Amino acid sequence: MESSLVARDKVGVQDFVLLENFRSEDAFINNLCKRFNMEIIYTYIGSVVVSVNPYKPLGIYTQEAMEEYRGVNLYEMPPHIFAIADAAYQSMKNEGVNQCVLISGESGAGKTEASKYILQYLAQCSEHAGRVDVVKDRLILSNPVLEAFGNARTNKNDNSSRFGKYMDIEFDFKGTPVGGHIHNYLLEKSRVVHQTEGERNFHIFYQLLGSRNTPLLQSLELSGSPDHYFYLSQGCCMRVEGMDDKNNFQTVYKAIQVLGFTSAEMQSLWRILAAILHLGNTAYQDNKHGLVEFKNDSSLSTVVKLLLCPEDKLRIALTHRSIEARNERVMTPLNAEQACYARDALAKAIYERLFEWLVRRLNASLEKTGRATHHYIGLLDIYGFEIVVCNSFEQFCINFCNEKLQQLFIELTLKSEQEEYMNEGIEVSS
């Protein structure tokens, strides 16, 4: 008895429901600190798990750990993300009810890593055979691809998701994964053309330049240095400590191949990315009439070559705007400042369409074949709440989405617990 009390005082309680002073915020934080200092990062609140990002590997996500949590009741083992994943899987399989794992938290809390571990666990806990393993591999390999094109280094997080992702993992009647579907939300496309100091553009641009694939870079007329490109150098952060852009590019390249992308599709990906970088290097100046003209045509010619579009039409699109009035279209020339806005708008639109096409292509690769979907588990990973020096409209939308998500979370969890108490005749104070 005494030893258990000493242990409790040292490492805290593993479920906040067991706190003696459960109304105290200080007691809540103190319990988190005790567990974190002992490198125990997970704590339950009933069926909810609270995680504190250790920012270092702890060796708790091994194959052996997965087996320990497989088929075990939620409270029979210490709190863990695998326990939540297994509880969702067993409920879906045994009760025949669709499940959803909602991951919430501020930027840098570890949501993206948590979603990857849940996906790995769900792939591991089901049967292994032929087509099944192909589906599992593709589900897991979709992660590094989406991270490369949708994640970036921010001042709070080296691998911050700059889009929202909801993945349906589809299972047959035996609980075997047969496919999946990805929904994406609110891509932060403004990052393509502007980054605040200390931040980077999307990972894929730096991975492509850092690939050291000389034939590929030469065919795209790219140098290997990010500081040669306006769209990559504004944040003054070319490299991130502990992040190997060359190895990450190889991982993405192999993943795209396994996911079934053709060589023509892969080449189109690289060409579009390179075209965006060259587009950012197009510079303008006002002539003596106050109208825009290109300082040099080299970058524009490269963009034309990579996008396979007529040069005259691209030139007009970047230096003029079209106004329609009374069924008439009038072309109005721009000045240099307006042309920069037009250039950036085009770059953002191209990248957004590229990203949406990439998600559709991944969904085509993950689409089930021949086996009916019986149930599914949804996995929501959305970027975290963040306040920066200059908050854009996109950041406002991100934060608003997080607030609504938190409200939904409270409604679906805490209120459902209160209803259960009321049904059992237990008095709940407001």
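How many residues lie between S10 and S11 in the hairpin that they form? Two residues separate the strands, and Arg 326 in the turn has a positive phi of about 50 degrees.

The structure is a predicted model, in which local features require pLDDT of at least 70 and side-chain atom pairs count only at pLDDT 80 or more, whereas totals for chains, interfaces and linings use all residues. Residues are numbered from 1 along each chain as its sequence is written, and side-chain values use heavy atoms, with hydrogens and water left out.

The mean pLDDT (the predictor's confidence in each residue, from 0 to 100) of the chain is 87, and 95% of its residues reach 70 or more. Residues 1–6 have pLDDT below 50, and this stretch has zero contacts (heavy atoms within 4.5 Å) beyond near neighbours in sequence. Where pLDDT is low, the predicted coordinates should not be read in detail.

Strand S10 (residues 320–325) pairs with strand S11 (residues 328–333) in the antiparallel sense over six bridges; pairing requires at least two DSSP bridges. Ala 325 stands opposite Glu 328 in S11. Strands are DSSP runs of E with at least two residues, and helices are runs of H or I with at least four, numbered from the N terminus.

The axes (lines fitted to C-alpha atoms over the stretch in contact, with angles from 0 to 180 degrees between N-to-C directions) of helix H11 (residues 263–280) and helix H12 (residues 298–307) come within 9 Å and cross at roughly 160 degrees. H11 is therefore roughly antiparallel to H12, a class assigned to angles over 145 degrees. Arg 271, Ala 274, Ala 275, His 278 and Leu 279 in H11 meet residues of H12 including Ser 299, Thr 302 and Lys 305.

Notes:
Angles under 35 degrees count as roughly parallel, over 145 as roughly antiparallel, 65 to 115 as roughly perpendicular and the rest as oblique.
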